[in-house]
Amino acid sequence: MFAAMDEPTRERYRQACRELAARSKKEPVEVAREALQLGVEHNASDTRERHVGTWLIAEGRPSLEARLGYRAPWPARAARLVRRHATNAYVGSLFVLLALTLLGLEWLLATQGVPALHRVLLAVVSVPLLLMTLQEWFNGVLARLVAEATPLPRLDPRQVFSPDTRTLVVTPLLVARAEEIDTQLRMLEINYLGNVEPELFYALLTDFRDAPEQELPGEKELLSRLERGIGELNERHGYREQPRFFLFHRERRWNPVARLWMGWERKRGKLDEFNRLVLGAQDTSYVGVIVPEPVRTVRYIITLDADTHLLPGDAARLVATLHHPLNRARFDATGKRVVAGYSLLQPYIDMEPTRAHWLATGGWPLSITREKKNPHQGEVPLLLQQRLFATGDFLGKGIYDLAAFARSLEGRIPENAILGHDKLEGIFARVAFVHDIKVFESHPRDFTVYARLWHRWVRGDWQWLPWLMPRMPSQDGRSVPNTLSLYDRWKLLSALLESLHHLSTLLVLAYGWLWLPSSSAWAWTLGATLWGSRNPLSAALRHMFRTAWNSGSVVSGLGIVFGTIPRLLVGAIANMGNVFLFTGVALDAVLRTLYQLALDRSRMLDWTTYAQSSREARTLRTLLALPEVSGALVLSLGIGGALAVFNPWALPWAAPLLLAWVPMMVLFARRDRQPAAAPAAPAHVDQLRAIARSCWELYEQRAPKEGALPGGQPGEGEGAKALSPTDLALGLVAPLSAYHLGYVGLEELVSRVGASLEAIGGLERHRGHLLASYDPRERRPVSPRRISTTESGVLAAALLAVESGLHAAREAATGEGRLEEVEARARALREGMDFGWLYDSEAGLLHTGYDVEAQALEGTHHGLLTSGAMLAGFVAIASRQVPLSHWAALTASDQRLRKGGARELGREALAEQLLPTLFVWFPPATLLGQAAQETLEAGKGKGVQQEAAVEPPRSVLALRFQPERAVEELQRVARTGQVEQREHAMALAAVANLTCDDILVRHFHQHWQTAWVEALVYETKDAQ
């Protein structure tokens, strides 16, 4: 078993042996021998007790210490004592702190002569605010005192999969529209491409939305589309005979409580019934299903939401963690409660980086190839909980042991009772937070979408009220003794209190305005605003002072400070506007839930999916119907009216906060009426298109004759210029760009690209690669006969973009035969290119090329992010020819090489280094974006720095980064016929990207084979 673990876990075991040996006067090997002997002496049928780790790092360690004569140092003994009583100490400390704070508040108000009734009222309404604030502070202190989180022990992910660890990745999905089906099939494929393993399978668990009838018109077509899409996935990836993708669909059942036809118990029911189905049940609502053998024998299930992105390697790491003997679930004597190990693991959830969100936020530290340095602020409570209590919270995305999970939840949760079931399931099944495994999920597009989701979450939280009582409900409807621990009940209670946090803040604000002297209203408003905005303000202030300190002079530093402070105050007031909006959401959700619990349970399971929330249009009229808006309006008018009657002198100080939410709602409504976000194009788009048209006319004049190679025409006599794969690639991209610019029609595009691909297909190749240069007349390689990794990377990217562009055109066109044929030809050329043999596994980089005549790889490597070799690496990773670690090696190499300073680049060298920007997005504030900017600086030309700063860049490819200044270079290319054809092609492509919503970049990134590694472009210097 030791050899089957990953290296960090093995090292942890070795370190335990060394620690024990150092204070017991023994050798580490003797310690290991004693630990093995303890395993032999205990229950042979108990995998956990047999495992050596139980005695080295888990609950068996005291027994091993006693056998060795080891006495732990006092800090270790104190830590163990705290850990044994952690739950009672933690909850008790919070309430002691609350009591002391309330006593201090009572004394302070009493000294100010505030009446006793008012003091009691303020204490009551401030409890949620104080308790949540104290918990935040207490967690921060504990996070600094408690040792850093240690990853859970793990087996080696590279060899964990076997028939015994067969795993199924499932996505519960509520089907409503055909577009959502296509989106989900794409996400399913993306998750698969990043996690291709021999014993890993994928399934969609679907049903239709609630309806007054069991079946609705059009639903059979939707189901057929789903089945067809699953079949296409199996076909495309070679699983026609032995499928790897499955579909399990449920029929609606009549719900007498909700008085609707619906999927039984929604998402919880989908998973519960599916678990039972796999375990052999015959009475589920899944229809027409014969459970295939791979599904019948799964041991673990990874459950995802519709918008969850399972990052590359996540599945193997999750299985390797849960399958470790110390992490497998162990039940108590009743066989119903997990007392050691886990039946469920919850990974860390991060925001999915998208173009729109990245540009809106300015980016954040991110990496999918390197370990993160510091935990995210939102991760701290989960990390602390795992460190102190060895448990976490289930957030709906993770892996579970099928048998153990089903066993731990059997009979626990009644029907028509719970919407927010995840946390309860995590408590009953015992969940661990795995901080070193990360998944992505979508970020709400605006506040109103987030408010819909939060409304649903608050309703789900308040449905836990019965589980806080001495007796709790069970599945059969009986009331049974509550077996939840004190800490488990505190977790449920804290979620309820968190939903009242904004209401408590608002009531405290209103108290001060109404009952404190009017002369104190300004101080009360300012103090409450600063306190309520303390977290964003502290972060902004740190950034402000850091920027001022680095500004270089006292005057500029003071200018930054005095210019920033007013904006911070305005931002703080706007932040307080959220208090009114969130209070409206929380009040609506809480009151609805209390009514449903007490009087009418028919709408307990009301559900709005993320996709439905994102689709809803927002106008001022529809916004007024939302609880956050109507609630904020009522609260503002109510508090304002009360102030006008009881304390009118406080109204001017309260007004900014009472109205702060109004501009936000107007902004959201106006934003929703605008068209989908597109990259901002320069003001002179017509000028750019006119220049591009001239480039296309010049390109056509020198276009190759029918059957000739793209990218150039044979010259006369000895004047013919050799063509490189880059020339050929640009010869493919030029007509595609002209098509999107409207210069050629679809038929001409297909004809041109088809002829070019046919000509390229006839050239001599080596392992699918074109050689570095060809005589265009003879179509033979020019000496020296070599393969250039850079040239191959550009060609591979162009083929991907052309293939994706033709596929998009085929889906939009009616006649698709010729299109499909040309698309298949591009795909065949691309798939024939083998990059794996160019990869140096020791260096983690690609060789610069291959000498065909000497049959030897070149000894040098490509190490820059701005070169065609980056494209080669990206495509090679996407096609699984080289490992993901190549990207980490490449980014590290790029940073090392740039530390030495940039050398000046000529026109051709600059164009070569900027070519990747035609196909790959270079986001700002990322390693790619930084590399592109430094390349531009190196390509400004000769002259002193001041002169270089205003000199236009010497490449049309700078159009993406400096559109205004690159126009001059574009005009130079357009007005002369003396430039090479590749410059005309580059100009066309650059203008097409800039004026057609980055069309070539979108073609490249939307291809099914590159989509799963798109997050690589967002790699930043600091990992998160």
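The largest cavity has a volume of about 50 Å³, where a cavity is a set of points, on a 1 Å grid over the protein atoms alone, at which a 1.4 Å probe fits but cannot get out, and a volume is the space filled by probe spheres set on the points, which are joined across faces, edges and corners. The model is predicted, so that local features need pLDDT of at least 70 and side-chain atom pairs count only at pLDDT 80 or more, whereas totals for chains, interfaces and linings use all residues. Residues are numbered from 1 along each chain as its sequence is written, and side-chain values use heavy atoms, with hydrogens and water left out.

I760, R765, G768, L770, L795, L799, L829 and M833 line the largest cavity, lining residues being those with an atom within 4 Å of a point. By class, this lining holds six nonpolar residues, one polar and one charged; here Ala, Val, Leu, Ile, Met, Phe, Trp, Tyr, Cys and Pro count as nonpolar, Asp, Glu, Lys and Arg as charged, and the others, Gly among them, as polar. A search of the whole structure finds two cavities of 30 Å³ or more, and the second largest cavity holds about 40 Å³ of space. The lining of the second largest cavity consists of E265, R266, K267, R268, I418, L419, H421, L605 and W607, and it divides into four nonpolar, one polar and four charged residues.

## A nonpolar surface patch

On the surface, W522, L526, L530, I565, L569 and W653 form a nonpolar patch with about 550 Å² of accessible area together. Such a patch is made of residues with over 30% relative accessible area and no salt bridge, nonpolar side chains (Val, Leu, Ile, Met, Phe, Trp, Tyr) being joined within 5 Å, and the areas come from the Shrake-Rupley method with a 1.4 Å probe, with only the protein chains shown counting as cover for residues.

Helices α21 (521-532) and α23 (554-598) each supply at least two residues of the patch, and the largest share, three residues, comes from α21; helices are DSSP runs (H or I, at least four residues) numbered from the N terminus. L530 is placed in helix α21 and is partly exposed, with a relative accessible area of 35%, on a scale where buried means under 20%, exposed over 50%, and partly exposed in between (1.4 Å probe, protein chains only).

## Salt bridges

The count comes to 63 salt bridges, a salt bridge being a side-chain nitrogen of Lys or Arg within 4 Å of a carboxyl oxygen of Asp or Glu. In one of them, the side chains of E65 and R80 meet at 2.6 Å, N to O. This pair links distant parts of the chain, with E65 in helix α5 (residues 61-68) and R80 in helix α6 (residues 74-84), 15 residues apart. E65 is buried, with a relative accessible area of 6%, while R80 is partly exposed at 24%.

R240 forms a salt bridge with E235, their closest N and O atoms being 2.6 Å apart; R240 counts as exposed at 55% relative accessibility, and E235 counts as partly exposed at 43%. The side chains of R253 and E251 also meet in a salt bridge (3.1 Å, N to O), with R253 partly exposed at 32% relative accessibility and E251 partly exposed at 29%. Elsewhere, salt bridges that share partners join E803, R810, E823, R827, R830 and E831 into one network.

How values were computed: On a 1 Å grid over the protein atoms alone, a cavity is a set of points where a 1.4 Å probe fits but cannot get out, and a pocket is an open set with protein on both sides within 12 Å along at least five of seven lines; lining residues have an atom within 4 Å of a point. Patches are made of residues with over 30% relative accessible area and no salt bridge: like charges are joined within 9 Å, nonpolar side chains (Val, Leu, Ile, Met, Phe, Trp, Tyr) within 5 Å.
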